[in-house]
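User: I would like to go through the terms used for this fold and ask what each one rests on.

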Amino acid sequence: GVADLLGAVAALREEGLRRFSTADLNRALREIIRERQPPAAGGREVRFYSMTQTGTTPLRFVVSSNERRVHATYRRFMEGRLRSRLGLAASPVLLSFRRSGPSRPSR
């Protein structure tokens, strides 16, 4: 069983070191939102603008939003869908939300 364990550890390490482009993350974010809209927070509609990867081992992602408080059930939903869309089987995934406005194209 040791060989299987070492293989699993190596696969987990490789998965935890993956890097994702912002374009791929934003595409995944749009698909997640299309599947299920986030619930309102304090009577306000929650909007997500973009997602970026900020680190590895554990994989860390920051979502720019109009709200920092996102319901725990929706966080779990997002994490699960992100895992399936990005092919992450077992790596820890940390999602954080940063309050900001929508990005505007530069002139």
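User: How do you know that S1 and S2 form a hairpin, and which residue between them takes a positive phi?

Analyst: This is a predicted model. Pairing requires at least two bridges, and six join strand S1 (residues 48–55) to S2, with the two running antiparallel; Gly 55, for instance, has Arg 60 as its bridge partner in S2. Three residues lie between the strands of this hairpin, and Thr 57 there takes a positive phi near 35°.

User: Why is S2 called largely enclosed?

Analyst: A residue counts as buried under 20% relative accessible area. Six of the seven residues of S2 (residues 59–65) are buried, so the rest of the structure largely encloses this strand.

User: What makes the pairing of the sheet mixed?

Analyst: S1 and S2 run antiparallel, whereas S2 and strand S3 (residues 93–99) pair in the parallel sense over seven bridges. Phe 61 stands opposite Leu 95 in S3, and Ser 64 has Arg 98 as its bridge partner there. The three strands form an open sheet in the order S1-S2-S3. S1 and S3 are its edge strands, each pairing on one side only.

User: Which elements make the β-α-β unit, and what is its handedness?

Analyst: S2, helix H3 (residues 72–86) and S3 make the unit, which is right-handed. H3 lies across S1, S2 and S3, at about 120° to S3.

User: What is the confidence in the model?

Analyst: The mean pLDDT of the protein is 89, and 94% of its residues reach 70 or more.

Technical notes
Residues numbered from 1 in each chain as written. Predicted model: local features only at pLDDT ≥ 70, side-chain atom pairs only at ≥ 80, totals over all residues. Heavy atoms only, no water. pLDDT = per-residue confidence, 0-100. Buried < 20%, exposed > 50% of the residue type's maximum accessible area, 1.4 Å probe, protein only. Helix = DSSP H or I, 4+ residues; strand = E, 2+ residues; numbered from the N terminus. Right-handed = clockwise from strand over helix to strand, strands pointing away. Contact = heavy atoms within 4.5 Å. Axes fitted to C-alpha atoms, helices over the stretch in contact; angles between N-to-C directions.
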